[in-house]
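User: I am new to this structure and would like to learn how to read its features. Please take them in turn, with the general idea before the case.

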Amino acid sequence: MKKLYYISYYKDTGSQSSRDAVPAAVNKMRFITDVLKDIGCDVEILSLSGTKNRSDFYKKYPAFTENTEGTCVRFFDRYASSFKPLRYLLRKYSELKIKKAIVNTIGNDDKVILYHSLGALYLIKAFRRRHIPFILEAEEVYSDVTGDVRRRAKELKLMRMADGYLFPTAMLGSLINADGRPEAIIHGVYRNERRLAETKFGAADGEGRIHCVYAGTFDPRKGGSCAAVLAAAELDRRYHVHIIGFGTECDTAKLRELIDRVSETTEAKVTYDGLKTGDEYLRFIQSCDIGLSTQDPSAAFNETSFPSKILSYLSNGLEVVSIRIPAVENSAVGRYVHYYDSQTPEAIADAIRSVDITKPSDPGKLLDSLSEEFGNDLKKLLESVR
C-alpha cells in the first residue's frame, strides 16, 4: 500500500478558525486516523473544509498544507461571498478544482476513505468514472434530516456505489449495503481520553450541584439541545444543565432565549457555555457528571445513525442519559446508558434523577477492547477493497 487518503471535512480544532468543520466529526476522524496509523497506514488527510464567512463580497481562502499530530493535512482553495449567486458559482468552481486535484493525486495502489456528506457527492461520481475504488464512511442519510425525498433517492443511489463501508450502526449497513460489500462498524471514539480536569464542577461551585451537559448541534430538526433545556425546567436546585455546541446564528439565538425563559421558572441552573473544542472541550465535559443525548426519536435519521456524543461522554468518564432507540440500546455500549422512553421534559428529568453519580459505571476496558477490535476490522476492510 503506497498511501491512504482520508477525504473529509477536517480541520485541526486548535487552528484555522476560518475553516468550517463539525467538532464531533473531527474527533471521530482523528480517532480513525490514529487507528489507521497504528495498523501501518501512511495517512494523508485531504480536507474539503470550506468557510461560513458571509461578511465579505468576495474573499479567497488559499490552499495550504500543515502537519497535525504527525499527519499531513492538505486544504484546498475555498471562497466566500456575501452575494448568494456569486457564492454558488464559487462553490461550483471550487468543486471542479478540488475534484481535479484529488483525482490526479490518487495513485493506482493507493487506498481512499471518503467521509460521506451531501457536499461531497460529486467526488463519488468522479471516482466511479475514473474507476477509483473507495471506502465510504457514512454516519447517516443526511436527507433524512432535511426531509427531502428526491434528494434522499439520489443520495442513497450514490452511497451504494462505494466498494466498502464504515458504518456507525448495522441498521445503516442494512439500508445501504444490500450487496454485502466489505464493511466495518464504528459507533464513535473508542478511547479513554487523557484526564485534563482536576476536579468536577460540583466540587468547585460551592453548592455541590450535579452537572449535566448537552454537547452538540443546536439544529432544531435534531431537537436535542431544546429538549435538554426543557428538561432543566423539571429539575430542582441540585442540578445544573450546561449547553455547549454549535449552530447557526438564528438557532443559537433562539436556544439562548429558551434558556433565559426556563431559567426564570426553575430552581435548577441552566447555562449556555458556548462552543468548546480540543482540550477545552475535554476539560469542560470531564468536569461534568452526566452527558445528555436527547435528540428527537421520531426523526427518520435515528433509525440508522448513532449519536457519537454518547461515546464522547463515556470516554471522558460521564454517565449517559439517552432516549431509548435500537441504534443505542443494541450497540456495544448500550448497557452503560441510562434510558428514558418518551420525548418529554418530565421523562428526561426522571432519567437524570435516576443516575447515582456516586456509583459510576466503568466502560474503560470495553472501550479498549472495541478499539482493538475495530483496528482488526479496519485492516481487513482495507485489504478487501482493491
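User: Which helix gives the most to the lining of the largest cavity?

Analyst: Rolling a probe the size of a water molecule over the atoms shows where empty space is left. In this predicted model, helix 1, residues 23–38, gives the most to the lining of the largest cavity, with four residues. The lining is made up of Tyr10, Arg30, Thr33, Asp34, Lys37, Ile45, Thr68, Glu69 and Thr71.

User: What volume does the largest cavity have, and how do its lining residues divide by type?

Analyst: Its volume is about 50 Å³. The lining has two nonpolar, three polar and four charged residues.

User: How many cavities of 30 Å³ or more does a search of the whole structure find?

Analyst: The search finds one.

User: Turning to pockets, how much space lies in the second largest pocket, and which residues are closest to its centre?

Analyst: The second largest pocket holds about 200 Å³ of space. It is lined by 15 residues, and those closest to its centre are Gly107, Asn108, Asp109, Asp110 and Pro133. By type, the lining of the second largest pocket splits into seven nonpolar, three polar and five charged residues.

User: Next, salt bridges. How many does the structure hold?

Analyst: Side chains of opposite charge can pair when their charged atoms come close. The structure holds 23 salt bridges. One of them joins the side chains of Lys3 and Glu44, at 3.7 Å from N to O. This pair links distant parts of the chain, since Lys3 is in the segment before strand 1 (4–8) and Glu44 is in strand 2 (residues 43–47), 41 residues apart.

User: Which other residue forms a salt bridge with Glu44?

Analyst: Glu44 also pairs with Arg74, and their closest N and O atoms are 3.0 Å apart. Lys3, Asp42, Glu44 and Arg74 are linked in a network of salt bridges.

User: Is Glu44 buried or exposed, and what does Arg74 count as?

Analyst: The reading rests on relative accessible area: under 20% is buried, over 50% is exposed, and values in between are partly exposed. Glu44 has 8%, so it is buried. Arg74 has 22%, so it counts as partly exposed.

User: What is the phi of Glu69, and where is Glu69 placed?

Analyst: In Glu69 phi is near 50 degrees, which is positive in a residue other than glycine. Glu69 sits in the loop between strand 4 (64–68) and strand 5. With 53% relative accessibility, Glu69 counts as exposed. Glu69 is also among the residues that line the largest cavity.

User: What is the phi of His131, and is His131 buried or exposed?

Analyst: His131 is not a glycine, yet it has a positive phi of about 55 degrees. It lies in the loop between helix 3 (121–129) and strand 8 (135–137). Its relative accessible area is 67%, so His131 is exposed.

User: How should I read a residue by its contacts, and what does Thr266 touch beyond its neighbours in sequence?

Analyst: Start with its place, then its burial, then its partners. Thr266 is in the loop between helix 9 (249–263) and strand 13 (269–272). Its relative accessible area is 12%, so Thr266 is buried. Leaving aside neighbours within four places in sequence, Thr266 is in contact with Ala232, Ala233 and Leu235. The Thr266 side chain also reaches the backbone nitrogen of Ala268, at 3.1 Å.

User: Which residues does Phe75 touch, and is Phe75 buried or exposed?

Analyst: Phe75 lies in strand 5. Phe75 is buried because its relative accessible area is 1%. Not counting residues up to four places away in sequence, Phe75 touches Tyr10, Lys11, Arg19, Ser47, Ser49, Ala63, Phe64 and Glu66.

Methods. Residues numbered from 1 in each chain as written. Predicted model: local features only at pLDDT ≥ 70, side-chain atom pairs only at ≥ 80, totals over all residues. Heavy atoms only, no water. 1 Å grid on protein atoms, 1.4 Å probe; cavity = no way out; pocket = protein on both sides within 12 Å on 5 of 7 lines; lining within 4 Å. Points joined across faces, edges and corners; volume = space filled by probe spheres on them. Nonpolar A, V, L, I, M, F, W, Y, C, P; charged D, E, K, R; others polar. Helix = DSSP H or I, 4+ residues; strand = E, 2+ residues; numbered from the N terminus. Buried < 20%, exposed > 50% of the residue type's maximum accessible area, 1.4 Å probe, protein only. Polar contact = N/O pair within 3.5 Å; in protein donor to acceptor, adjacent residues only side chain to side chain. Contact = heavy atoms within 4.5 Å. Salt bridge = Lys/Arg side-chain N within 4 Å of Asp/Glu carboxyl O.
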